[in-house]
Amino acid sequence: MNSLWIDSIKGFSKFETLNNNLESDICIIGAGIFGMTCGYYLSHLGFKVIIIDKNTLAGTTSFTTGKITSQHGLFYSYLNTSYDMHFAKDYLEINEKAIQNIQNIITKEQIDCDFEIQNSYVYTTKKEELALLEKEQKVLESLAYHTELSKNMSLPFEVEGALCFKNQAKFNPLKYILGLSKTITEKNGQIYTNTIAVDIEKDKKNYVVYTDNGNIIKTKHVIMATRYPFMNVPGFYFSKLYQSTSYIIAVDTKKESINDMYINVSAPVYSLRTAKFNGKDILLLVSGNSKTGHDYSHENPYDTLKNFAKQYYPDCDVLYEWSSEDCISLDKLPYIGKYSSLLPNVYVGTGFKKWGMTLSNVAANLIVDEICERKNPYAYLFDSTRFGLFKNFDEVKNMVVDSTNSLLLNKLKSSDASLENIKPNSGDIIELDGKKVGIYRDKENQIHAINPICTHLGCLLTWNDIDKTWDCPCHGSRYDAFGKNLYGPAFKDLEIYQ
């Protein structure tokens, strides 16, 4: 599964696998946009930085939309209601600063990443949702942030109204990360790929990061930039986060496409922007916001997106299709800061809720200030040690139910599936001699069998017939059809049955 961003890069930078023991001031686990932004700032401050990643650069970031915006849906009404006006204002301010920070980095380092200033809109095609836009506008005006309600825009269909954030931006996120990697290595930072961190252990005042091949990194500070933290305790992030999957297609519309960036108010959610590719403006169309591991019985989301595109661009060609996964906290705010009060000098940034371009820069700046012992007035917004779950009782209840089902009840239920009924290029869980077995029948009709128990905390996996993956409904880990781990928090592959 390739994204447009991956194929837009020629001569993708290769980095070595860690094959010896090292020492550093900072060890960053994860080479996505958050980890690389931390590495950029810290290497420029003179710290000795080592970045490791289980795959290659920009694993998750390569599958995002690359929108750089402080307009995170209709979020400021939520913040004002759930917290207060001051809280909402600070959240807006730090995300607006992040946009400027990213532009400053691009300008200073001369990174060619198709950066472009554009307006961002939340729109609706339903009259009954206009009140939601008006409510959001009223909150923003009280924050001294001027917005406009409009009906005139470049979408190929009519809308009832749209709320505009001016001077937002978009870019090619993979080109941006490659630019960061260049300047990090120029500042003597070291980057290692295909290197899996399997544990972190305190060693007096410092830490030891253990890797899958037996090598270690001794370091003063550790930054967990793995999207979903892989250490379960302390921190207990598995009880505070879930993962959600979105689906994306890249479309050559064959005619003039949209200006600016768009997302609609309510489900089914559609997000739109264009991207430069081979000299053309290619439309990126996004939909879906389903909890990973759940509800794969509905219409194929790629087909839904293609039908949407064909409705307005009948002659269009679909060039790419891919999915993207992100962490969402139960109170909709990221966790940024200390990993746990029990682990000083270990930091985390997670729960970016699909707005990781700005929030990754926010997180990097907050953690750099922590390491440098500088007080940041916005740190309280994202307190990583908070545990205020019961503001969102429904989310808590859903997580408990999902975990109970996948950890216990579904394991006890008999499977209705049979080996004979599994079609080529599809999978399911069957029972053999009273034991659950995950079966994938490939396109050549060959059978591949795995133990369908997640290597993270032991939840029963589900088969995703859209992406041809084994997904965990508890915490969102994903494995390919043959059992190879793709996304955390799990980092081990599934057991293979011969």
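How many bridges join strand β8 to strand β9? Six bridges join β8 (residues 197–203) to β9 (residues 206–211), and the two strands run antiparallel. This is a predicted model, in which local features need pLDDT of at least 70, side-chain atom pairs count only at pLDDT 80 or more, and totals for chains, interfaces and linings use all residues. Residues are numbered from 1 along each chain as its sequence is written, and side-chain values use heavy atoms, with hydrogens and water left out.

**Strands**
- Strands are DSSP runs of E with at least two residues, and helices are runs of H or I with at least four, numbered from the N terminus; two strands pair if DSSP finds at least two bridges between them.
- β8 and β9 form a hairpin with two residues between them, and K204 in the turn has a positive phi of about 60°.
- K202 stands opposite Y207 in β9.
- An open sheet of four strands has the order β18-β19-β20-β25, with antiparallel pairing.
- β18 (426–432) and β25 (496–497) are at its edges with a single partner strand each, so one side of each has no neighbour in the sheet.
- Four bridges pair β19 (residues 435–441) with β20 (residues 447–450), and Y440 stands opposite H448 in β20.

**Helix α6**
- Of the 14 residues of α6, 10 are buried (under 20% relative accessible area, with a 1.4 Å probe and protein chains only).
- Among the buried residues are Y176, I177, L178 and I184.
- At the start of α6, a side-chain oxygen of N172 comes to within 3.1 Å of the backbone nitrogen of L174.
- N188, which follows α6, has a positive phi near 70°.

Technical notes:
Buried means under 20% relative accessible area, exposed over 50%, partly exposed in between (1.4 Å probe, protein chains only). A polar contact is a pair of N or O atoms within 3.5 Å; within protein, one must be able to donate a hydrogen and the other to accept it, and residues adjacent in sequence count only if both atoms are side-chain atoms.
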